[in-house]
Amino acid sequence: MPTPSETLRASGIQLARWIRDGDTTSVEVVDAHIAEVERVNPVINAVVHARFDAAREEAAAADARLAEGTTDGPLHGVPCTIKECFAVQGMSWTSGHVPRKDVRAETDAVTVARLKGAGAIVLGVTNVSELCMWLETNNRVYGRTNNPYNADHIVGGSSGGEGAIVGAGASPFGLGADVGGSIRMPAFFNGVFGHKPSGGIVPNSGQFPIAENEALRYLTTGPLARKAEDLMPLLRILAGPDGEDAGCEERELGDPGTVDITALRVLDIPDDGRTSVHPELRAAQRKVADHLGGLGATVVREPIQSLRHGVEIWSAMLDAAGGTKFGTLLGSGQSVGLMRQMLLWALGRSPHTLPALGLAGIERLSGLTAGQLAKFVTMGQELRAELEERLGTDGVMLYPSFPEPAPRHYRPLLRPLRFGYTALLNVMQVPVTQVPLGLSTRGLPLGVQVVGAHGNDHMTIAVAQELERAFGGWVQPAVT
């Protein structure tokens, strides 16, 4: 029988196996994770609305069904957590926006329903940045979330609560969403695996806010997990059209087990040519490239010039997709009164965070002309074609997840445009897996993005599994 500490280190797939084989029970696994949430959450403030009583009841029912010879699916009896922007029946659904503070979801988002249908048991929902549009998780509804490796540092956004609770070891996996790095940055800052699927593979229905038009393929729903072996099974559960998300398509998913690591071509891109990368991250990425090369993979180091314009390309392509402006979302349907809210913020009375007001201001005062926007859209289209050609059917790209390990709280406000390393890849619609690579000399997680051609999600996940074997993967933090 696994010990409680082994339970809190295992993958979701391993937990399901132990439950099915009678080595433990769903009640024991759920209780262990609830106890860990209760221990760490006062420090990190990741789970903002819990359903512990319901989870315990569901676990007991799952054990009873198993005793009768019935299993619910590959995740039978395994606990998980969900980013609060997804509808989870009966749970808060605010997206960190004060005007929605009393909103409760009446139904489950399609991806939540698919996880439940596969046997997963939801412990609760996790914190986000205000309206899911900033790289630090903080809002006026639930407050700030802290990094489990060092509470003085950020957890990323907007799936920051999810990254923190999985990184703390209190949830084996969770559900996140990513339109500019919102799965990968939290996974990186909190030392876990995060997979941004290829655009159009997983439906986004049941989120608030949600992208529109072409941007439905830039926004991606995907898993965060403490173990790499969970990523592909979770992607299979989540994937496939739901009849509501017009951007989602039927696509056959590959098998990571068929990927020959020794035959890969690896593009090792150490930076975007514009924003410098922390030496420890550069060294970690070089070790990854050297390891893959040592296995027989062909490593290529050739710069890609357009990467330096990542933020502009992402912004222009999102703008070209149309849809509701962020300032309108912030104003609950009408353009937010920016000057008034800034004054209220200065007086400590605004319902909005400073980053949200700043983003609304940047949106309103964008310095790009129509011609410049068109130029960056064209550049983005050309870059996507170039990446697809360079990656082909047998290539992956190594690329930093962020220029430095998790910054201290509020520091990103001083340098707000350094998210291009993740954001650009959303509008490229390519699959990306963030892989943890141990800890820095200051005890903060290191990591790297593994990028593949569209539809080659299994390939980036296969590389993640190899890197976990080689470098150890997630390191359990000592949350106090």
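**Sheet, core and helix packing in a predicted model**

In this predicted model, strand β2 (residues 79–83) runs parallel to strand β6 (residues 173–178), and two bridges pair them. Within this pairing, I82 has L175 of β6 as its bridge partner. Both strands belong to an open sheet of 11 strands with mixed pairing, ordered β1-β3-β2-β6-β8-β7-β12-β13-β11-β9-β10. The edge positions are taken by β1 (47–50) and β10 (298–300), each of which has a single partner strand, so one side of each lacks a neighbour in the sheet. On average, neighbouring strands of the sheet are turned by 25° against each other, direction ignored.

Further along the sheet order, β7 and β12 run antiparallel and are joined by three bridges. In this pairing H195 stands opposite T433 of β12. On the pairing of β12 with β13, the sense is again given as antiparallel, with six bridges; here Q434 has Q449 of β13 as its bridge partner. The hairpin formed by β12 and β13 has five residues between the strands, and within the hairpin G443 adopts a positive phi near 80°. Strand β12 is mostly covered, with seven of its eight residues buried.

Helix α15 lies across β6, β7 (193–196), β8 (220–225), β11 (395–399), β12 (432–439) and β13 (445–452), and runs at about 20° to β13. The helix is mostly covered, since nine of its nine residues are buried. These buried residues are G420, Y421, T422, A423, L424, L425, N426, V427 and M428.

Helix α15 (residues 420–428) also packs against helix α14 (residues 370–391), at an angle of about 85° and with the axes 10 Å apart. The two helices are therefore roughly perpendicular. On the α14 side the contact is made by G380, L383, R384 and L387, and on the α15 side by L424, V427 and M428. By class, five nonpolar residues, one polar residue and one charged residue take part in the contact of α14 with α15.

The largest nonpolar core contains 111 residues, and I82, L115 and M397 have the most contacts inside it. Helix α14 supplies the largest share of this core, with seven residues. When neighbours within four places in sequence are left aside, M397 is in contact with L267, I269, I304, L387, L391, L425, Q449, V450 and V451. A second, separate core has 26 residues, including V47, L444, W474 and V479.

Several backbone features remain to be described. Most residues other than glycine have a negative phi, and most peptide bonds are trans. Q429, which follows α15, is not a glycine but has a positive phi of about 65°. Q429 lies in the loop between α15 and β12 and is buried, because its relative accessible area of 2% falls under the 20% limit. S332 is also a residue other than glycine with a positive phi, near 55°, and is found in the loop between α11 (326–330) and α12 (338–346). With a relative accessible area of 47%, S332 is partly exposed.

Two cis peptide bonds are noted. The bond from G157 to S158 is cis, with omega near 5°, and S158 is found in the loop between β5 (143–144) and α6 (160–167). The bond from F208 to P209 is likewise cis, with omega near -5°, and P209 lies in the loop between β7 and β8.

Methods: Residues are numbered from 1 along each chain as its sequence is written. This is a predicted model: local features need pLDDT of at least 70, side-chain atom pairs count only at pLDDT 80 or more; totals for chains, interfaces and linings use all residues. Side-chain values use heavy atoms; hydrogens and water are left out. Axes are lines fitted to C-alpha atoms, for helices over the stretch in contact, and angles run from 0 to 180 degrees between N-to-C directions. Helices (H or I, at least four residues) and strands (E, at least two) are DSSP runs, numbered from the N terminus. Angles under 35 degrees count as roughly parallel, over 145 as roughly antiparallel, 65 to 115 as roughly perpendicular and the rest as oblique. Contact means heavy atoms within 4.5 Å. Ala, Val, Leu, Ile, Met, Phe, Trp, Tyr, Cys and Pro count as nonpolar, Asp, Glu, Lys and Arg as charged, and the others, Gly among them, as polar. Buried means under 20% relative accessible area, exposed over 50%, partly exposed in between (1.4 Å probe, protein chains only). Two strands pair if DSSP finds at least two bridges between them. A nonpolar core is a set of buried Ala, Val, Leu, Ile, Met, Phe, Trp, Tyr and Cys residues joined through side-chain atoms within 4.5 Å.
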